[in-house]
Amino acid sequence: MRELAKPAGIFDRDIEWTELARFAADERPGATLGVVSGRRRQGKTLLLYELARSSGGFYFGATEATSTESLRRLGEALGAFVGAPGPVQLPDWAAAVDALLALGRDRPVPVVIDEFPYLVRAARDLPSIIQHALTPGRPERSESRARLLLCGSALSFMGGLLAGSAPLRGRAGLELPVRPLDYRAAAAFWGLDDPLLAVRVFAIVGGTPAYRREYVQDDAPSGPADFDPWVVRAVLNPARPLFREARYLLAEDPDLRDAALYHSVLAAVAEGNASRGGIAGYIGRKATDLQHPLTVLEDAGLLLREPDLLRTGRSNYRITEPLISFYQAVMRPAWTALEQRRGLEVWRRSQRRYASAVLGPRFEEIVRQWAVGFADPEVLGGPVAEVGTATLTDAASRTSHELDLVALGEPPMGDGPRPLLAIGEVKWGRRLGLPDLERLARLRDILRGRPGVEATDVRLLLASAEGFTDELVRVAAGRPDVVLVDPEVLYGR
């Protein structure tokens, strides 16, 4: 199997490229199917275009068009690819799919159909046609080594392509999501060496690669002192594409038809209403009426429902895209002023909202990402299998306590309780001290008597962007059960 080297122009994405290259270069006989999905601007098209270019494969980018026009465009692209004197005549989609499979008669060849949902919108039976074309034993499949890759950005559609009773279920040999860059990779991509600055930028633009390249033309903050001017000129500037991007993210998904309702749901979550009841109260609807919009936003990859790790049946919602949180908290309430180019004024008066509704929650999420993805297992007492938040009720005092971090270990064999590795307190704008450690210690004592988790050796994690009191640092130095995490630790400095 020939190894395809990742092109120099692709940042990070080593795992994604390795999987795509392995799939494309598979020498075994028989055409195969792969599905690539992910929100827009994550670099899917670049990955697939470079895969086709590096391997001599075929790439076709679908557009919003009628079925007849799309067949004509595809025929023109096929004719140019095989060196025919003119377009390949494709009377229908069955003939088109067979023509694509025929490209792999002599060798393994990736055949990329980008923005596949556009084609299905005009030809609803296309997935069934592909299912039939890939029927085992059919000569068009068995005599081909075409590696058909279907790609799309409509997550609700792509998520259902291989699910349940969908025609293509069981046909795919590759199902590859292309997700945003993690917070460390995003800092490297933006060229940010200062951890605090990296957190501030990530809290706005997250890990979407296109936001730096196409949307702000490589305009990154030159240092901490340039952060506020950068926000005004690159994010709150009506002349920059990033200004309206959060609105377009909702408009692009065909399942998000009631834009006002979905914006209100997202605004509720951005304001800290994480439960279904809290969201319902914020927007003035019954909780039972929110099942559909919440499901649609989840399917679109804009909301994530996270279970309470200590209470079965309870869950909270979190906005996955930082730019949407920023838009809902800072931009949407002041949209008219921003359109009038009063970005500096809006930003100055939005500092408290930015810190509480955007920066604080995103810093908590970064700490949880660190715990599950970057922390040395010895630091937290073992490999972290799952991390999240929880609400702990103290029956004795009839009080509830929010835990910003709960880290669970790998489930044991059999029906035993899961090991609880760590509980944590995370604060962006406050130094943490001994009272915070003592609070966590009391909550640990409560947990040690609870069924469902093994809490005999629980680490106490305290994370702060402002640092820790000298007294807490001294105590932590002599206690292996206390873990202090600051931005330097988060970014591996």
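A residue is called buried when its relative accessible area is under 20%, and in this predicted model both tyrosine 327 and tryptophan 335 are buried by that criterion. These two residues also form an aromatic pair of the edge-to-face kind, with 5.8 Å from centre to centre and 75 degrees between the planes.

In total, the structure holds 17 aromatic pairs. Another of them joins tyrosine 183 to phenylalanine 374, again edge-to-face, at 5.4 Å centre to centre and with 75 degrees between the planes. This pair links distant parts of the chain, since tyrosine 183 belongs to helix 9 (residues 183–190) whereas phenylalanine 374 lies in the loop between helix 20 (351–373) and strand 8 (386–394), 191 residues apart. Tyrosine 183 counts as buried because its relative accessibility is 0%, while phenylalanine 374, at 32% relative accessibility, counts as partly exposed. Over the face of phenylalanine 374 lies arginine 184, at 4.3 Å from the ring centre. Elsewhere, one aromatic cluster is formed by Trp190, Phe227, Trp230, Phe326, Trp347 and Tyr354.

Helix 4, which spans residues 93–102, was examined for burial and for contacts at its start. Its buried residues are Trp93, Ala96, Val97, Ala99, Leu100 and Leu101. At the start of this helix, a side-chain oxygen of aspartate 92 comes to within 3.3 Å of the backbone nitrogen of alanine 94.

Definitions and conventions: Residues are numbered from 1 along each chain as its sequence is written. This is a predicted model: local features need pLDDT of at least 70, side-chain atom pairs count only at pLDDT 80 or more; totals for chains, interfaces and linings use all residues. Side-chain values use heavy atoms; hydrogens and water are left out. Buried means under 20% relative accessible area, exposed over 50%, partly exposed in between (1.4 Å probe, protein chains only). Helices (H or I, at least four residues) and strands (E, at least two) are DSSP runs, numbered from the N terminus. A polar contact is a pair of N or O atoms within 3.5 Å; within protein, one must be able to donate a hydrogen and the other to accept it, and residues adjacent in sequence count only if both atoms are side-chain atoms. Rings of Phe, Tyr and Trp (its six-membered ring) pair if their centres lie within 6.5 Å; planes under 30 degrees apart count as stacked, over 60 as edge-to-face and the rest as tilted. A charge sits over a ring if NZ of Lys or CZ of Arg is within 6 Å of the ring centre and within 35 degrees of the ring normal.
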